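Dear colleague,

I am handing over the structure below, and my notes on it follow directly after. Please read them with the sequence and the structure open beside you.

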Amino acid sequence: MLNEERKRLIYELVDKKGSVSVSELMKELAASESTIRRALIEMDREGLIKKVHGGAVSLKKEVLTKDQSVSQREDENIEEKQLIAKYAAELIKDGDVCYIDAGTSTYLMIPYLNDKKATFVTNGLKHGLALANQGHQVYMPGGSIKRATEAIIGAKAADFLTDMHFTIGFFGTNGITLAEGYTTPDVEEGMIKKKAFGHCRECYVLADSSKFNKVCTASFGQYSDAIIITTSKARSEYANSSNTLLVDRV
């Protein structure tokens with residue numbers, strides 16, 4: 001097979017599936033590993049695909065630059081979010097120091113936390129009040145309030161998190177891709193997420209199926225840095241990932 005024909009077939013497979021592994025391409029094209037890897041390097045340089053560890057991903061991703069308000073998002077994919085939130089809440093153990101990120105999916109965890117003997121830190125306004133009303137010990141950073149997401153952001157909030165260390169953390173995200181990881185449209189909110197993300201012993205990202213193969217302005221974690229809690233409705237390249245938990249198959 002000529003090199004250009006091989007590259008065309010690779011492009012079509014990546015475009016169709018969103019991402020493919022080297023082993024998949026070897027099987028589909030009956031080619032050696034070295035041949036496939038050379039083709040992927042060339043195609044990455046030519047801007048046709050994005051070469052990642054173990055394979056390639058499509059460059060055709062939805063790009064998000066603005067946040068929707070909480071009221072716009074809270075009823076979207078609600079059945080998925082409820083499943084995800086319930087499972088996430090069950091991961092918290094007595095004695096944990098738990099970070100809960102602002103967001104509609106993380107907020108849905110709170111009704112399941114009544115009997116948890118843990119300490120909570122959150123930058124979500126509604127989250128903090130709801131946790132306090134359950135009788136939990138809750139800490140919140142100071143800073144400015146972002147109206148759209150009802151999150152506390154800014155330098156003061158980041159400073160507060162600098163000295164904190166969490167046994168477990170749960171994060172919302174606007175987009176997930178294999179190459180860019182976890183992203184959010186707002187740089188300041190991304191800074192808070194990244195700070196907390198880096199101070200968690202265990203990181204979990206709560207993501208309904210709509211979040212995959214979307215990329216936003218600010219990254220707050222690499223794809224492999226967290227365990228994704230989602231459902232089998234997620235795109236296959238993500239659903240089959242080693243760091244993904246499918247709650248409707250547990």
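In helix H1, the residues Arg6, Leu9, Ile10, Leu13 and Lys17 meet Glu24, Leu25, Glu28 and Leu29 of helix H2, where contact means heavy atoms within 4.5 Å. By class, this contact has five nonpolar, no polar and four charged residues, with Ala, Val, Leu, Ile, Met, Phe, Trp, Tyr, Cys and Pro counted as nonpolar, Asp, Glu, Lys and Arg as charged, and the others, Gly among them, as polar.

This is a predicted model, in which local features need pLDDT of at least 70 and side-chain atom pairs count only at pLDDT 80 or more, while totals for chains, interfaces and linings use all residues. Residues are numbered from 1 along each chain as its sequence is written, and side-chain values use heavy atoms, with hydrogens and water left out.

Lys211, which is found in the loop between S13 and strand S14 (214-216), is buried, with a relative accessible area of 16%; buried means under 20% relative accessible area, exposed over 50% and partly exposed in between, for a 1.4 Å probe and protein chains only. Leaving aside neighbours within four places in sequence, Lys211 is in contact with Thr173, Asn174, Gly175 and Ile176.

Terms used: Helix = DSSP H or I, 4+ residues; strand = E, 2+ residues; numbered from the N terminus.
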